[in-house]
Amino acid sequence: MTRHSAAAPRTNPVRTGAFSVWGDVARPATLTVADLRQGWEQHRAEVVFDCATAGPQHHTFTGPLLREVAAGTRPDFDPGRRKERSRFLLAVSGGDGHHAVLSWAEIDADFGDAPVLLATRMDGEALDETGAQLVVPSDRCGARYVSAVTGIWIGSCRTS
Ligand SMILES: Nc1nc2c(c(=O)[nH]1)N[C@H]1C(S)=C(S)[C@@H](COP(=O)(O)O)O[C@H]1N2
Ligand SMILES: [Mo]
């Protein structure tokens, strides 16, 4: 059922602001911020998160839901089986090496239903040059607001 990819894509995406979506998926993809804006419904989130060093940060983000973008890569589970979906993880990486993990269940409408976005705009400014930003409105802390996203790995948790 599950295929495990051996390694990350060897080179960084060459297009500005592009990122790879890869892992245990049937259709890995390289997407730009423009692709995110054109291919999916845009949602808006007004958020406040706390930075350990800079204090409370207020931003307005727009972009597609992470779960809709991720589903487009056809992860290696039967979409109708909740127990298969609940085994999956997503690891979101920034170009500077900062990365954060989410569970598939966290963003899945049948589980946590968190409206996590891949932002294409922050406070009205387009992120095409910088790269997309992960937006986790339910988080109190800012650490998972990964900016300048370069990769999203999707895969099943291995327990043995
Ligand atoms: N790529 C990347 N994204 C990152 C970080 C980072 O070090 N690298 N720091 C996180 C932390 S700790 C916080 S609080 C927020 C800060 O977001 P802001 O600069 O928009 O206020 O970005 C998050 N996203
Ligand atoms: Mo932070």
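How many bridges pair β5 with strand β6, and in which sense? Five bridges join them, in the antiparallel sense. This is a predicted model: local features need pLDDT of at least 70, side-chain atom pairs count only at pLDDT 80 or more, and totals for chains, interfaces and linings use all residues. Residues are numbered from 1 along each chain as its sequence is written, while chains are lettered from A and ligands numbered from 1 in the order in which they are written.

View 1. Strand β6 covers residues 99-103. Strands (E, at least two residues) and helices (H or I, at least four) are DSSP runs, numbered from the N terminus. Two strands pair if DSSP finds at least two bridges between them. Leu-89 has Ser-103 of β6 as its bridge partner. Four residues lie between the strands of the hairpin, where Gly-97 takes a positive phi near 95°.

**View 2. An open sheet of four strands.** The strand order is β3-β4-β8-β9, with antiparallel pairing. β3 (43-51) and β9 (125-126) stand at the edges with a single partner strand each, so one side of each has no neighbour in the sheet. β4 (residues 55-63) and β8 (residues 121-122) are joined by two bridges. Thr-62 stands opposite Arg-121 in β8.

**View 3. Two non-glycine residues with positive phi.** Most residues other than glycine have a negative phi. Asp-123, in the loop between β8 and β9, has a positive phi near 50°. Arg-74 sits in the loop between α2 and α3 (82-85). A residue is buried if 20 or more other C-beta atoms, placed from the backbone, lie within 10 Å of its own, exposed if 12 or fewer, and partly exposed in between. Asp-123 counts as exposed because it has 9 C-beta neighbours inside 10 Å. Arg-74 has 14 other C-beta atoms within 10 Å, so Arg-74 is partly exposed.

**View 4. The loop at Asp-110.** Asp-110 lies between α4 (104-107) and β7 (117-119). Asp-110 has 9 C-beta neighbours inside 10 Å and therefore counts as exposed. Arg-82 is 28 residues from Asp-110 in sequence, and their C-alpha atoms are 8.0 Å apart.

**View 5. The largest nonpolar core.** This core has 35 residues. A nonpolar core is a set of buried Ala, Val, Leu, Ile, Met, Phe, Trp, Tyr and Cys residues joined through C-beta atoms within 7 Å. Val-116 and Leu-134 have the most contacts inside the core. Elements supplying at least two core residues each include β1 (19-23), α1 (33-39), α2 (66-71) and β10 (133-135). β11 gives the largest share, four residues. Beyond its neighbours within four places in sequence, Leu-134 is in contact (C-beta atoms, placed from the backbone, within 7 Å) with residues including Val-92, Ala-100, Val-116 and Leu-118.

**View 6. The shell around ligand 1.** Among the surrounding residues are Cys-51, Gln-57, Asp-96, His-98 and Tyr-145. A residue is near the ligand if its C-beta atom, placed from the backbone, lies within 6 Å of it. By class, the shell has five nonpolar, five polar and one charged residues. Ala, Val, Leu, Ile, Met, Phe, Trp, Tyr, Cys and Pro count as nonpolar, Asp, Glu, Lys and Arg as charged, and the others, Gly among them, as polar.

Key: Contact = placed C-beta atoms within 7 Å.
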